[in-house]
Amino acid sequence: MAKEIVKAIYCDCDTIHEDILNEVRGKMPDDDVLYELADLYKIFADSTRVRILWALDQSEMCVCDMAVLLGMTKSAISHQLRTLKQTDLVKFRKEGKNVFYSLKDDHVKKILEMGMEHINE
């Protein structure tokens, strides 16, 4: 069975399918856009950031509440929130001295939900 899997991965032919190449080439985004996409997914490579995003998917929260929920320091949460704000994944609003964070938009929510759906298949 392992040989079958390896065989399926490698192509033994030398045929170039120009029609497919031209179609895909016409739809390929610029490299700069693909680098931005890769950078976006790098953000999700950190479990602390994913935990913060997951919490914010459930409810708007302040740094103090997130620190207690996740068992982390306020400083550590703030550091990760700074990264999440810079990548436009979270937003904040001020209410007096309190700052409440939430997901930037439904796109972020969908990314989390689709990822969870994928791993639960």
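Reader: In which order do the 3 strands of the open sheet stand?

Author: This is a predicted model, in which local features need pLDDT of at least 70 and side-chain atom pairs count only at pLDDT 80 or more, whereas totals for chains, interfaces and linings use all residues. Residues are numbered from 1 along each chain as its sequence is written, and side-chain values use heavy atoms, without hydrogens and water. Strands (DSSP runs of E, at least two residues) and helices (runs of H or I, at least four) are numbered from the N terminus, and two strands pair if DSSP finds at least two bridges between them. On this basis the pairing is antiparallel and the order is β1-β3-β2.

Reader: Which strands stand at the edges of the sheet?

Author: The sheet has the order β1-β3-β2. A strand at the edge has a single partner, so one side is left without a neighbour in the sheet. This applies to β1 (61-62) and β2 (90-95).

Reader: Over how many bridges do β2 and β3 pair?

Author: Lys94 stands opposite Val99 in β3. The hairpin of these strands has 2 residues between them, and Gly96 takes a positive phi near 65° there. Strand β3 covers residues 98-103, and its antiparallel pairing with β2 extends over 6 bridges.

Reader: Which residue in β3 is the bridge partner of Cys62?

Author: β1 and β3 pair in the antiparallel sense over 2 bridges. Cys62 has a bridge partner in β3, namely Phe100.

Reader: What is the distance between the ring centres of Phe92 and Tyr101?

Author: Rings of Phe, Tyr and Trp (its six-membered ring) pair if their centres lie within 6.5 Å; planes under 30 degrees apart count as stacked, over 60 as edge-to-face and the rest as tilted. The structure contains 2 aromatic pairs. In one of them, Tyr41 and Phe44 have centres 6.5 Å apart and planes at 45°, so this pair is tilted. Phe92 and Tyr101 also form a tilted pair, with 45° between the planes and a centre-to-centre distance of 6.1 Å.

Reader: Is Tyr101 buried or exposed?

Author: Buried means under 20% relative accessible area, exposed over 50%, and partly exposed in between (1.4 Å probe, protein chains only). Phe92 has 45% and therefore counts as partly exposed. Tyr101 has a relative accessible area of 9%, so this residue is buried.

Reader: Which residues does the network of salt bridges join?

Author: A salt bridge is a side-chain nitrogen of Lys or Arg within 4 Å of a carboxyl oxygen of Asp or Glu, and the whole structure has 7. Asp57 meets Lys109 with the closest N and O atoms 2.8 Å apart, while for Glu113 and Lys109 the value is 3.6 Å. Glu113 and Lys109 both lie in helix α7, 4 residues apart, about one turn of the helix. Through shared partners, one network joins Asp57, Lys109 and Glu113.

Reader: How many residues apart in sequence are the parts that the pair of Asp57 and Lys109 ties together?

Author: Asp57 and Lys109 form a salt bridge. Asp57 is buried at 12% relative accessible area, whereas Lys109 is partly exposed at 29%. Asp57 belongs to helix α4 (residues 47-58) and Lys109 to helix α7, so the parts tied together are separated in sequence by 52 residues.

Reader: How far apart are the closest N and O atoms of Glu23 and Lys27?

Author: Glu23 and Lys27 are 4 residues apart in helix α2, and therefore separated by about one helical turn. Glu23 is partly exposed at 49%, and Lys27 is exposed at 61%. Their salt bridge has its closest N and O atoms at 3.2 Å.

Reader: What accessible area do Ile20, Val24 and Met28 have together?

Author: Patches consist of residues with over 30% relative accessible area and no salt bridge, like charges being joined within 9 Å and nonpolar side chains (Val, Leu, Ile, Met, Phe, Trp, Tyr) within 5 Å. Areas come from the Shrake-Rupley method with a 1.4 Å probe, and for residues only the protein chains shown count as cover. Ile20 lies in helix α2 (residues 18-27) and is partly exposed at 48%. Together with Val24 and Met28, Ile20 forms a nonpolar surface patch of about 280 Å².

Reader: What is the radius of gyration of the chain?

Author: The radius of gyration is taken over C-alpha atoms, and the globule rule is 2.2 Å times the number of residues to the power 0.38. The C-alpha atoms fill a box of roughly 65 × 35 × 20 Å along the principal axes. A compact globule of 121 residues would have a radius near 14 Å, but the chain has 21 Å.
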